[in-house]
Amino acid sequence: MAHHDHPHHGDRHDNRHGHHHGHDTTHTGTDWAEVASLLEAEAELFTPLYERALAWLAKEVTAPGLVVDAGSGPGVISCLFAEVFEGARIVAADGSAPLLERAAERAARYGVGDRFGTLTGELPGVLDDLEYPADLLWASRSVHHLGDQRAALAAYAARLAPGGTLAVVEGGLPARYLPRDIGFGRPGLQARIDAVEADWFTRMRTELPDSVAHTEDWPALLTAAGLHHGRSRTFLLDLPAPAPDRARAHVVATLTRTRDRLAGELDADDRAALDRLLDPADEASVHHRPDVFYLAAHTVHTAVRPVQGPSGPAEGLPGPATPH
């Protein structure tokens, strides 16, 4: 997925926008191995958050036959679904074939390759190729890469089995990893970066093909897609200082991409502070400072397709759900 910072989208945006959703898959020169490793590292960092979110989902979604991860990237979350729902078939859908190859390799390493499939193509249309309707369709911070978010949610809802659940991860809070006052420069650097990211995110949305502006009231959008029984819950990733090496490396990667992509939109003092934070020779850099932490909040919105007639979603099947 290409997971770039935006005040309400966490840091998944830094390296994911335009990659595994297929926006850039026709461009030459993409280093897919590097992209995949960045996405895997971030998703693995966020695994405790995802595990809590999936455990919450599992209380309502019991024994699904088919789980679809729409915008899966290299499949870290897809494989978590395979662990949580031991009887389900998992399909990872994405615009990037190289990332889906990584997903399939990961599934094989985790011993779930026999019930793991991939679907390559542009979302949401590629989901028309699903062999069966989904009992659970998960879209983690990927809907905002699609021009018409409302139409995308309607398309996702149409691929659900009666009684099936759509789970959308959007919103939440911007990540925090440094104190307000870092000891040099003007206090509040992260808040100013957030503001620049917000403008960047708006431009990104505006420039998407067939972009349509909708009020991003996710529960209302799910209701408009014909779903009901909406629920929302926010999950934290809380890694206090001193941050573990994995989190510190992610902060370095995030700030590096911020400097490369948006430094021109920050003032000279903030650019100088970024440079100092990213200088491994400086003891005050994020490579060394003891006050680096990682705190992020992601929100999961769910809703259910009404059961039409006596047949409900297939449950307890070892393979795909039975067509309805």
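This is a short tour of a predicted model, stop by stop.

Residues are numbered from 1 along each chain as its sequence is written, and side-chain values use heavy atoms, with hydrogens and water left out. Because the model is predicted, local features need pLDDT of at least 70 and side-chain atom pairs count only at pLDDT 80 or more, while totals for chains, interfaces and linings use all residues.

**Stop 1: a helix**

Select residues 32-45, which form helix α2. Helices here are DSSP runs of H or I with at least four residues, strands are E runs with at least two, and both are numbered from the N terminus. The expected span of a helix is 1.5 Å times one less than its number of residues. For the 14 residues of α2 that gives 20 Å, and the end C-alpha atoms are 20 Å apart, so the two agree.

Which residues of α2 are buried? They are Trp32, Val35, Ala36, Leu39, Glu40, Glu42, Ala43 and Leu45. Buried means under 20% relative accessible area, with a 1.4 Å probe and protein chains only.

**Stop 2**

Now select β2 (residues 89-94) and β3 (residues 116-120). The two strands run parallel and are joined by five bridges. Strands pair if DSSP finds at least two bridges between them. Find Ala93: Leu119 in β3 stands opposite.

**Stop 2: the cores**

A nonpolar core is a set of buried Ala, Val, Leu, Ile, Met, Phe, Trp, Tyr and Cys residues joined through side-chain atoms within 4.5 Å. The largest one has 62 residues. Phe81, Trp138, Leu255, Val286 and Tyr294 touch the most other members. A second, separate core of 29 residues includes Val68, Ala93, Ala152 and Tyr156.

**Stop 3: aromatic rings**

The structure holds six aromatic pairs. Rings of Phe, Tyr and Trp (its six-membered ring) pair if their centres lie within 6.5 Å; planes under 30 degrees apart are stacked, over 60 edge-to-face, the rest tilted.

Select Phe46 and Tyr294. Their centres are 5.9 Å apart and their planes at 85°, so this pair is edge-to-face. Phe46 lies in the loop between α2 and α3 and Tyr294 in strand β8, so the pair ties together parts 248 residues apart in sequence. Both are buried.

Tyr177 and Tyr294 are stacked, at 6.0 Å centre to centre and 15° between the planes.

Definitions and conventions: Buried < 20%, exposed > 50% of the residue type's maximum accessible area, 1.4 Å probe, protein only.
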